[in-house]
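Please open the model in your viewer and follow the selections below in order. Each stop names what to pick and then says what is found there.

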Amino acid sequence: MAKQKKFYVIWLGHVPGVYADWATAKQQVDGYKGAKYKSFPERKQAEAAYAKGFQHYLDQAVVANAGSATKPRSSSGSPRRSNAPSTPTILSRSISVDAACSGNPGAMEYQGVTTAGQKQLFHRAFKLGTNNIGEFLALVHAFAFLKSQGMEDLPIYSDSQIAIGWVKKGKCKTTLARSPKTEELYTYIDRAEEWLKNNRITNPVYKWNTEAWGEIPADFGRK
């Protein structure tokens, strides 16, 4: 018998509990404002986390992250800085972005939503792309969208350090080849890089703390 890879704890949702498959667990959080959930590799861990409650799990995660944050090291032993900081708690007045890819490369889409309420603000889909490209384009789209709305101070959450790093460099560092199949995608990449070149980023970008908070609100649910 194949080993179950993940178990899902729903602390706050339509029907809280521990679930053995994402499809069922997803039904408990879809449309539920402020849902709290997290996946675990073993049932024992999931049941313990559920029994102790979300606040206990959050407190433990914050302590663990605080301890590791004071001692980040590279393979050479020297301090290493991350591309983006996180926040102690979720900033409800913010937006979140994420991407999903069916295969990598494969059919790709990205979206931006309000962190509180998960209202979709924008969405794009492409026949061929990668998850990292989607995360990068989602961030740049978020900057441009918020600038057009006069909200250039609103925080943005992303769960991709790679995409955050690419944005800081102003370059999509993908290895996906440019071809007739990816020409439409590359048109968007070119526009995104040009936007970064010609615009000053003022929106703070934060790394979504998946370990403590569960999946980012913009997640597509493909687990």
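**The annotated pair**

Begin by selecting Glu 135 and Asp 159, which the unreviewed UniProt entry lists under "binding site" (positions follow the numbering used here, feature names are shortened, and annotations may be inferred rather than shown by experiment). Although these two residues are spread over 25 residues of sequence, they cluster in space, with a largest C-alpha distance of 8.5 Å.

The model is predicted, so local features need pLDDT of at least 70 and side-chain atom pairs count only at pLDDT 80 or more, while totals for chains, interfaces and linings use all residues. Residues are numbered from 1 along each chain as its sequence is written, and side-chain values use heavy atoms, with hydrogens and water left out.

**Glu 135**

Next, show helix α4 (residues 131-148), where Glu 135 is placed; helices are DSSP runs of H or I with at least four residues, strands are runs of E with at least two, and both are numbered from the N terminus. Glu 135 is buried at 3% relative accessible area (buried is under 20%, exposed over 50%, partly exposed in between, with a 1.4 Å probe and protein chains only). Leaving aside neighbours within four places in sequence, its contacts (heavy atoms within 4.5 Å) include Asp 98, Ser 158 and Asp 159.

**Asp 159**

Move to the loop between β7 (156-158) and α5 (161-169), which holds Asp 159, a residue that counts as partly exposed at 22% relative accessibility. Beyond neighbours within four places in sequence, Asp 159 is in contact with residues including Asp 98, Lys 207 and Trp 208.
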